[in-house]
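Morning, everyone. I have one model to go through today, so let me put it up and then talk over it.

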Amino acid sequence: MFFMTFLANLNFAQELIIARVVDAETAKPIDQVVVFIEGDTAATKTNHLGYFQLTVGPEDYLIIEKERYQTSKIKVPTESKFLIKLEKDKFSNTIIVSNEYEKGEAFDGYKIGVWEYFDKPEELSLVVDYDKGQILYFKSDSSSYPIKYGDTFVEMKVDRPARYMGSMHEMNSIIQRNLIFPTQARRKSTVGTLHILFEVDSTGQAQDFKVFNDIGDGCGEAAIDAIKQVPNLWVPAMVDGKAYSSRFAIPVTFAIQLDGKSVGRPKKTSKETLPISKTLTEIEVFAVGLIQERREVTF
């Protein structure tokens with residue numbers, strides 16, 4: 001009889017609590033937070049709205065853990081429903097990025113959480129959740145794109161076009177920063193426009209870089225070297241739920257100016273018709289005396 005009374009009192013002391021975990025700074029819910037009773041190995045996790053439920057005793061302590069947040073230990077409140085605010089780890093290497101073209105957080109050099117990308121200011125183009133590996137938003141595009149069927153590229157409407165996993169402005173900036181006007185081309189006053197062709201395969205990898213209508217003197221190689229500095233992270237094209245390879249072309253123009261005037265003679269090339277491809281923003285590099293200037297040209 002004593003044992004049965006003890007169990008009854010123990011069960012009476014246990015209570016189901018429902019709590020929510022949010023970011024102390026933003027008040028946004030935090031999912032996948034690990035919550036367990038101190039001294040107990042069983043644990044639960046918050047859902048996408050930050051909620052969890054757990055059966056606890058009045059003398060229990062809760063341990064709340066989440067990567068990039070300070071681990072918290074709290075005594076179970078008397079209320080059956082309550083809010084827990086987690087503080088970010090002050091010693092973590094978290095950087096908040098917010099500008100006209102991208103918004104998000106990076107931890108130890110890696111993008112975390114939800115990022116928003118803008119190809120143009122105030123024009124949302126892509127939203128990615130890096131923690132879950134999901135694309136949350138993709139700007140619709142009704143134009144035709146080159147899709148590879150077998151060994152042949154054809155232009156057609158797609159459910160989702162291939163694109164760089166980030167702001168296209170960021171991509172162009174990376175190319176510009178790394179595009180060098182070759183010394184030999186400057187000495188010979190070699191100027192003109194060439195195209196860099198490349199494919200984005202069904203796994204989202206850029207590959208098969210080629211120079212089309214090269215103007216020579218190292219310009220084609222310099223353009224490819226600059227483009228390869230872009231992180232190889234792309235979203236593949238999708239048609240009817242299947243991923244396909246796409247092909248892109250980036251026009252790259254080399255120009256020389258002296259005393260405000262363009263100099264040099266464009267080198268004659270074969271001027272063959274550009275293969276089926278999606279033409280991206282033109283990149284220009286200017287040699288002004290011994291100083292280089294880079295400029296992005298938007299169609």
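Of the 299 residues in the protein chain, 41% are buried, where buried means under 20% relative accessible area, exposed over 50%, and partly exposed in between, with a 1.4 Å probe and protein chains only. This is a predicted model, in which local features need pLDDT of at least 70 and side-chain atom pairs count only at pLDDT 80 or more, while totals for chains, interfaces and linings use all residues. Residues are numbered from 1 along each chain as its sequence is written, and side-chain values use heavy atoms, with hydrogens and water left out.

The protein chain exposes about 17400 Å², and carbon and sulfur atoms supply 52% of that; accessible areas come from the Shrake-Rupley method with a 1.4 Å probe, and for residues only the protein chains shown count as cover. In secondary structure, the protein chain comes to 4 helices and 26 strands. These are DSSP runs numbered from the N terminus: helices are H or I with at least four residues, strands are E with at least two. Taking contacts between residues at least 6 apart in sequence, 57% join residues at least 24 apart, a contact being heavy atoms within 4.5 Å.

Now strand S16. In S16, 10 of the 11 residues are buried, so the strand is largely enclosed by the rest of the structure. Which strands does S16 pair with? S16 runs antiparallel to S21, joined by 9 bridges, and it also pairs with S17 in the antiparallel sense, over 5 bridges. Pairing here requires that DSSP finds at least two bridges between the strands. On the S21 side, Gly192 stands opposite Phe254; on the S17 side, His195 stands opposite Phe212. The hairpin of S16 and S17 has 5 residues between the strands, and Gly204 there takes a positive phi near 85 degrees.

Helix H4, residues 219–227, has 7 of its 9 residues buried, so it too is largely enclosed by the rest of the structure. The buried ones are Cys219, Gly220, Ala222, Ala223, Ile224, Ala226 and Ile227. What covers them includes H2, H3, S16, S17 (206–212) and S21.

On to the rings. How many aromatic pairs does the structure hold? There are 8, counting rings of Phe, Tyr and Trp (its six-membered ring) with centres within 6.5 Å; planes under 30 degrees apart are stacked, over 60 edge-to-face, and the rest tilted. One of them is Phe181 with Phe254, an edge-to-face pair at 5.4 Å centre to centre with 85 degrees between the planes. Phe181 lies in the loop between H2 (168–178) and H3 (183–187), and Phe254 lies in S21 (residues 246–258), so the pair ties together parts that are 73 residues apart in sequence. Phe181 is buried at a relative accessible area of 1%, and Phe254 is buried at 1% relative accessibility.

Phe198 and Phe248 are stacked, because their ring centres are 5.7 Å apart and their planes at 25 degrees. Phe198 is in S16 (residues 190–200) and Phe248 in S21, 50 residues apart. Phe198 is buried at 1% relative accessibility and Phe248 at 2%. Ring pairs also link Tyr164, Phe198, Phe209, Trp234 and Phe248 into a cluster.

Two lysines sit over rings. Lys111 lies over the face of Trp115, 4.7 Å from the ring centre, and Lys278 lies over the face of Tyr145 at 4.6 Å. The criterion is NZ of Lys or CZ of Arg within 6 Å of the ring centre and within 35 degrees of the ring normal.

Ser125 is in strand S11 (residues 123–129) and is buried at 1% relative accessibility. Its side chain makes a polar contact with the side chain of Asp119 at 3.2 Å, and the Ser125 side chain also reaches the backbone oxygen of Glu123 at 3.3 Å. A polar contact is a pair of N or O atoms within 3.5 Å; within protein, one must be able to donate a hydrogen and the other to accept it, and residues adjacent in sequence count only if both atoms are side-chain atoms.

Pro161 lies in the loop between strand S14 (152–156) and strand S15 (163–164). Pro161 is buried, at 5% relative accessibility. Not counting residues up to four places away in sequence, Pro161 touches Phe138, Asp141, Tyr145, Val235, Pro236 and Ala237.
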